[in-house]
Each structure stands twice: as structure tokens, then as C-alpha cells.
Amino acid sequence: MGIGLKAVGLHKHYGGVAAVAGVDLAVDPGEIRAVIGPNGAGKSTLFDLVSGWVPPDRGRVFLGEREITGWPARRLARTGLGRSFQRSNTFAGLDVLENVLTAVLVQRGRAWNPWRPLGRYSDERERALTVLAEVGLADKAGRLVRELAYGDQKRLDIAIALAGQPGMLLLDEPLAGLAAAERQPILGIVRRLARDQGTTVLFTEHDIDSVLATAERITVMHQGGVLAEGTPAEVSADPRVRSAFLGEEGPG
Ligand SMILES: Nc1ncnc2c1ncn2[C@@H]1O[C@H](COP(=O)(O)OP(=O)(O)OP(=O)(O)O)[C@@H](O)[C@H]1O
Ligand SMILES: [Mg+2]
């Protein structure tokens, strides 16, 4: 039940900065796609544009067959697009289950009344517990978020993005700040979602080894544009990609 994503001619300027400058992107249903590129390349802005957080200056976005250009993030979340943010957006003073339950309720257009017993939200609670099991946090449902280990915070970010059972999942640096040994289990979550549920995954990441080991295709961004795209083997052999990452001047 993965959903494909297509963007055509996306542009977004911030003042004099062309954060995204004419990006075309097509992600197939069920694909695991990485977007890589140096700091400031426009990766997070691209996510903002396709997930409805920021309207594009120009260009069009399609989720599956439907044009979604200009749709607000909430409506998109209900249409099957889930996303996580580069900076975590959890409630530190709530526990893990409450954070995911809140996301499930928001996703379903319902408000959370803290005075209403949690047991009353049995359907939403069940969804939240399912999601926690998917990211390996079932045994930490009652922990306060501020007391979680960093790796578990990153799992929770993914759980929140999964609240609405998205067919298209965008993860902005799901591995940031994690030691090498902690990255594997998170990448395992991504692979399982794609394999078992057919979820389409689009993620950004700076650790190139993780990208090469997980993504089926890679889109390389540089200065707001797409510099290269292809399989891990194609992209890692591309001299333009190497020079962009090493900050060298290309041959022409
Ligand atoms: N809300 C904003 N206001 C002004 N400028 C912005 C805003 N968001 C992004 N930019 C600028 O747009 C450019 C692209 O930023 P973006 O965050 O998309 O890059 P990125 O590829 O995600 O980088 P990183 O790898 O550091 O996360 C940068 O020059 C950034 O300063
Ligand atoms: Mg970013």
C-alpha cells in the first residue's frame, strides 16, 4: 500500500537564497529513496514543500495520482503522507504512549482532552501501541520522553510520523547524532516498513554508508538543484557527486 510521489519544477526562495531551485522528483510506490547533499543543499526545504509545511513558489506535487500542490500538512497527513523532522517535535513532559496517541488523535482530526481517561481512546490507543511495537518502543510506552536515550527519541520521531499509517513516509535525518551501532536498528525499521507493509520511504541522511546500504535509489542535491540520481552504485561512481561532497571545483 505504498504511495508514489512526484514533484515537477519545484522552486522555493528565502530572500535571496534559492533553497529549492527547479527540482523534479519521482519516487515509485514501495521504493526506499535517499536524498543526500551537503548542508544547505535544500533537502529539508524539499521535504517542507512536498509535505505541505511550506507552499512552493512554483511547481506541482502529486501523491499517487492526486495533485496535492498547496494542500496543508494536516490534510496531507490524512491522505497518507507521514513525516518526521530534522529537529524532534515531541512533548518532553509526556510519556511515549501519550506522544504517539496525541499524533494519532491529531491525524484523525480529534482533540486530546487530558482529563478524559486514556482508556476511552481505545481505538487510537491500539493504533499507538501498534506503532510503538513497529519501532521497538513497546516496552517503553510509559517512559517520559525527557528520560529516553537519544536512540529511543529517534525511534519515537518515526513512531509519530507513522501515526496515520502512511503509504509515503518522509524521514529527515532519522540517524542524526547516532553512533554507528545505533544506526542499524533504525535502518532495520525502515527496511521492515518497506518490505512488510510496502511503505514508500524518502529519507535524508549524511552518513553515506547507511545511505548506500539502505536506499534503492539516491537523489543527490546541491545548491537547491538535483545534481545526480541513480542506484547506489551509479551515484557513488559519479565524479560530480564526489566533487560536490568534497567541496572541490568540478572540471567545468
Ligand atoms: N525558513 C527559512 N528561512 C530562511 N532561509 C531558509 C529557511 N529554510 C531554509 N533556508 C535556507 O535554505 C537553504 C537550504 O536549507 P535546507 O535546510 O533545506 O538545507 P538541508 O539540505 O536540509 O541542509 P542540512 O543538511 O544542514 O539539514 C539554506 O541556505 C538555508 O539557510
Ligand atoms: Mg536539513
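Partly exposed, as used in these legends, means a relative accessible area between the buried limit of under 20% and the exposed limit of over 50%. With that in hand, welcome to a few close-ups of a predicted model.

View 1. Ser44, through OG, and Gln86, through OE1, coordinate the magnesium ion (ligand 2) at 2.1 Å. These two residues bring together distant parts of the chain, being 42 residues apart. Ser44 belongs to helix 1 (residues 43–50), while Gln86 sits in the loop between strand 6 (81–84) and helix 3 (96–107). Ser44 counts as partly exposed because its relative accessible area is 23%. Gln86 is partly exposed too, with a value of 38%.

View 2. Strand 1 (residues 5–14) and strand 4 (residues 58–63) run antiparallel and are joined by five bridges. Look for Ala7 here, which stands opposite Val61 in strand 4.

**View 3. Two loop residues with positive phi.** Glu173 is not a glycine, yet its phi is positive, at about 55°. Its setting is the loop between strand 7 (168–172) and helix 6 (180–197). Glu173 is classed as buried because its relative accessible area is 8%. Gln223, likewise a residue other than glycine, has a positive phi near 50°. Gln223 lies in the loop between strand 9 (217–222) and strand 10 (225–230). With a relative accessible area of 63%, Gln223 is exposed.

**View 4. The largest nonpolar core.** Which of its 42 residues touch the most other members? They are Val100, Leu132, Leu156, Leu171, Phe203 and Ile218. Elements giving two or more residues to this core include helix 3, helix 4 (122–134), helix 5 (150–161) and strand 8 (200–204). Helix 6 gives the most, with six residues. Both domain 1 (1–80 + 167–173 + 199–252) and domain 2 (84–165) supply at least three residues to this core.

View 5. Setting aside neighbours within four places in sequence, the contacts of Ile218 include Arg33, Ala34, Ile36, Val211, Leu212 and Ala228. Pro232 and Val235 are also among them.

Note on methods:
Residues numbered from 1 in each chain as written. Chains lettered and ligands numbered in written order. Predicted model: local features only at pLDDT ≥ 70, side-chain atom pairs only at ≥ 80, totals over all residues. Heavy atoms only, no water. Donors = N, O, S within 2.8 Å, 3.2 Å for Na, K, Ca; no water. Helix = DSSP H or I, 4+ residues; strand = E, 2+ residues; numbered from the N terminus. Buried < 20%, exposed > 50% of the residue type's maximum accessible area, 1.4 Å probe, protein only. Pairing = 2+ DSSP bridges. Core = buried A, V, L, I, M, F, W, Y, C linked by side-chain atoms within 4.5 Å. Domains from an automatic or database assignment. Contact = heavy atoms within 4.5 Å.
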